[in-house]
Amino acid sequence: MCSHGSAAMNGHEHSSLAPYPLRAQAPVGKRITSLYKKRLDNFFTPGQWEKVNLLAALKDGVYSGPENIKLAVWHATGTTRPTFKEATEKSNPYKETQTGENFGPSWTTHWFRASLTVPKELCQEDTPVELHWDCDNEATVWSEKGEPLQGLTGRGERVEWILPKAFKDGKEHILYIEMACNGMFGNGPGRPIFKNNAGGDSIQPPDENKHFKLSKAELVAPNMQARMLSVDFQIIHDAAVELSEDSWEQHEALNVASRIIDTFNASDKTSILRCRKIAEEYLGSEINSERVYGSIEDKKPTVYAIGHCHIDTCWLWPWAETRRKVVRSWSNQCDLMDRYPELNFACSQAQQFKWLKEDYPYAWERVKSKIKSGQFHPIGGCWIEHDTNLPGGESLVRQFLYGQRFFEANFGTRSTTCWLPDSFGFSSQLPQLCRQAGMTRFLTQKPCFNSVNDFPHTTFNWVALDGSQVICHMPPCKTYCSEASFGDIKRSITNHKSLDQDNTALVAFGKGDGGGGPTWQHMERLRRIRGMANTVGQVPRVHSGGAVDDFFNNLEKKASSLVTWYGELYFELHRGVYTTQASQKSNNRRSEFLLRDIELLATIASIQDSSYRYPKKELDEMWEGVLLCQFHDCLPGSAIKMCYDDSNEIYANVFQTGYNLLQTIYPVLGISEVRTESISSLENTLALNTLPWPRQEIIAGSENQAVIAHGSSNLLSVAEFGTSQTEKLVTIEESTTGVFVLQNSQLSVTVEDGCIISLYDRKAKREVLSGRANKFVIFDDQPIYWQAWDVEVYHLETRQELRATTTSILEDKPYRVSVLTETKISELSSIRSTITLSAAFDGQQSYVECAADINWHETMKFLKVEFPVDVRNTEASYETQFGIIKRPTHYNTSWDMAKFEVCCHKFADLSEYNYGVSILNDSKYGFATVGNVMRLSLLRSPKAPDDTADMGHHSIRWAIMPHQGELGAETVRAAFNFNNPLKLVNVTRQSCLSVFPIVLRGDENLVLDTVKRGEDDGDMSTDELPRREGRSVVIRVYDALGGRGRGVVETTWSVSKVFKTNLLEDDGEEVPFGDGRFEVDLGPFQVATYRLVLA
């Protein structure tokens, strides 16, 4: 009764529907999912089906005959890279050429003049016409007027350039193509891949004789609907393949894809539109424009898509090629922005912007217009994407100072986000420096590639040694060169490790490392992925059209709920870069100290003599060169040899410029240089001290001659070392055959076979060592793949001790004694090492100085020197920028063991209560402390990407300094002194250096590190930022040891007021100043900057 009533009631509603059949019309089976999945690839990939699948419909016409495209080529001389003007000189012999011809060798440049005529049948149509060009190498398209228009990548990627509508008139039009004979990743042998490959791979030393075949030069009329269908299908395909089979969305994707395949007919163009209509069922109907994104205000997990183009400033190509990569890549983005208004592109590295400004005025103005319109976003606030472990503290400051000033001067804004996606680990002081440079946000990717432990956070507050914090985000798709694929967007949430605090992620998409940036394919994929999210869900909602600042603005609202990470972001990979390319490390250290000295002395000179011009322009050039060489593939040692040929030229220029500047500064200060080997008289001779504390040191002259310098100013008095004492202040004797004892009033050193078998502290009455120290050890060094970058933990299992061949007395002087040891490493390599002890001074800790002249010609070996000490602690201390960092000496956990090789600066220290040992160095950065064995890394010998890395002669110095008490100021100061020896000078008249013109007194943990002139001083500012009237001096003070420090800065200069500033020298609060002094009060590891306004 009830059922009948229900049927009668609904009878009218169903009257229009076909009745449910009484009998089954035919068998219908369940689809075999795996079979239908395999079928999908055949629809849009090359192979035996390409004549009948979608590829057959992508082009409506191809025109490659001489009536449509004619080519002529001019070959640049050698490896020169001529400008457009030079390349188009009428005297240049352009010769006819064609596809099929080869061009090379590697690194050469070839300019093509292309004469293009669009076929008449295409002139009246609305569809675009493209030039397709592929020679498997990079190229730039230039207009006939000399405007760089777009970059071409080759090897099937970004091979098309859209002809302007003006070309569609049936007439001949000229453009130029600048061919660079290198691929996106340089000229490595074999295929451009990054894995072990028998035929070669991209990180192997470049093949200097590569030639490139021009395989394609044609006009193409693309079928735009077929092209868009290919993107539709790709996303639906990915959903069908990557989504779980227990979701209806996966089954629907497979159904839709199958219907598209069944509907498509290569000989029927109308079928393409029907296929696209089917695709809309899954992707939505708004995927053909930016309207698909709609509002970004929703509570669902959201992925912010930011266009990005990581260009390594040097790596597998030299600096000069990077300059061309910049114009190619950024011109591409400007063109893409015209077609895709939702594209927001983030771009770092002020140096690259400066190169564009210098080399390509048209492209520079084009970029500036896109910055003004809000699509092109300078970001990062640094001069380049630098390494953060190896540069000194002041270098990190200058990366921010020079980067932010360039952005502000040229674009009117500063960056609020530090952008270092590819650097090899991050210093513990970086958050403090970021905050003081105006940046509250930090983005990187590298810790995601840890080889031991999975980094536990995606979004977090990163806290520096002083407690300063920045919001850090690591894109969870685990790449800074995302292909904007379905998988990358999906992984941006499935890999997200901070979903309990925040459910948003950033994806940086675009071709990278070698440049390129986003392509139209990236943009179209993103539209479809968002369309899918709007229509069927399952995939995160991706947003394009916002900026990096928009993403971080939302994160800042949740900052208090984010987890914290204290200290360094240690990268559990690429540990070999602390040692590779030793000369670069040495040049960097020397440059940093040279610049520090020049700025101090030039500041004093400019105040002493108003006619002396502070050399701001020259200092800027020196700093920019040093900062450039600190790029994260240059200073770490992971670039090809060509890059080091370039950087060696830069360093040579820095040293020569520095020398020239000192020669102009000295006369103003009333001093002149003295050659120590030719001291004839001490009359008017003093020692120049550029460090901010009293010093007492021996300065060696010729043979047995030496002087003692001591005092508390920039000029120290000197006295001839006394040789009339009845008892020598330092002695040496061969106590038994082959055993030598070196002794001064503090230390007794026993040497056998080149090793220190005893180091006895006579004052503390204790043995310092627990075994043979200053022992050279060598290891096999064969990482999994990345040779210059990596040293793996298993190398420690191959340790071999090197045996000395001879040891003899080298020096027995009144002020210094030493022994010389010859050690054979192999038939190719050897070491001449010295162990030296100098006379000791009361109240100043003595140390054992060691030096090695190494002739190094090994293959995949790692040389180190060991110091087993009689000190126990579960942590060792290592100097880092503006402080120290403590790391474990044990392997309790995988996190501890992963730090088997770490970075240190001028010293490492192992201390227990009331006693410790410091190891000082003059140019090394790799170190390890395992138990009580301290180990300084000296040299590596990787063969990729530079097979000459570290080959040749090296001179290295280090010292063993025992000390009573825990790590303290005496080690900090000794390390500075060790790297900045006193210099003898003649005083030509009364000098202003006879007293410190500016000095810091108070707690010894405080260091007055930098003295320079103010950036905005009216008499010396070199950029376009507003100038301040008058003159000022900027000083930087920091706590070196991790405790509160109080002191007083005293100056003899006439100062009207003092301001505390940030690193960018923006005035903050005024500091009380009177009687030539002001107080400083710093917290642990705090860095403070002050600007002294001169009266």
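Me: Which cysteine sulfur is closest to that of Cys382, and how far away is it?
Reply: This is a predicted model, in which local features need pLDDT of at least 70 and side-chain atom pairs count only at pLDDT 80 or more, while totals for chains, interfaces and linings use all residues. Residues are numbered from 1 along each chain as its sequence is written, and side-chain values use heavy atoms, with hydrogens and water left out. A disulfide is a pair of cysteine sulfur atoms within 2.5 Å, and the separation here is too far for a bond. The closest sulfur belongs to Cys418, at 4.2 Å.

Me: How many disulfides does the structure hold?
Reply: Cys481 is in no disulfide, the nearest cysteine sulfur, that of Cys309, being 8.6 Å away. Cys382 is likewise too far from Cys418 for a bond. The number of disulfides in the structure is zero.

Me: Is Cys481 buried or exposed?
Reply: Buried denotes under 20% relative accessible area, exposed over 50%, and partly exposed the range in between (1.4 Å probe, protein chains only). The relative accessible area of Cys481 is 17%, so this residue is buried.  Cys382, with 4%, also counts as buried. The state of Cys481 is therefore buried.

Me: What is the geometry of the aromatic pair formed by Phe84 and Trp111?
Reply: Rings of Phe, Tyr and Trp (its six-membered ring) pair if their centres lie within 6.5 Å; planes under 30 degrees apart count as stacked, over 60 as edge-to-face and the rest as tilted. The structure holds 51 aromatic pairs. For Phe84 and Trp111, the centres are 6.0 Å apart and the planes stand at 70 degrees, which makes the pair edge-to-face.

Me: Which elements does that pair of Phe84 and Trp111 link?
Reply: Helices (H or I, at least four residues) and strands (E, at least two) are DSSP runs, numbered from the N terminus. The two residues are 27 apart and lie in distant parts of the chain. Phe84 is in helix H3 (residues 84-87) and Trp111 in strand S5 (residues 109-117).

Me: What separates Phe407 and Phe411 along helix H11?
Reply: These two residues form a tilted pair, 6.1 Å centre to centre with 35 degrees between the planes. Both Phe407 and Phe411 are buried. Because they are four residues apart in helix H11 (residues 393-411), the separation is about one helical turn.

Me: Over the face of which residue does Arg957 lie?
Reply: A charge sits over a ring if NZ of Lys or CZ of Arg is within 6 Å of the ring centre and within 35 degrees of the ring normal. Arg957 is 3.9 Å from the ring centre of Phe978. The residue is Phe978.
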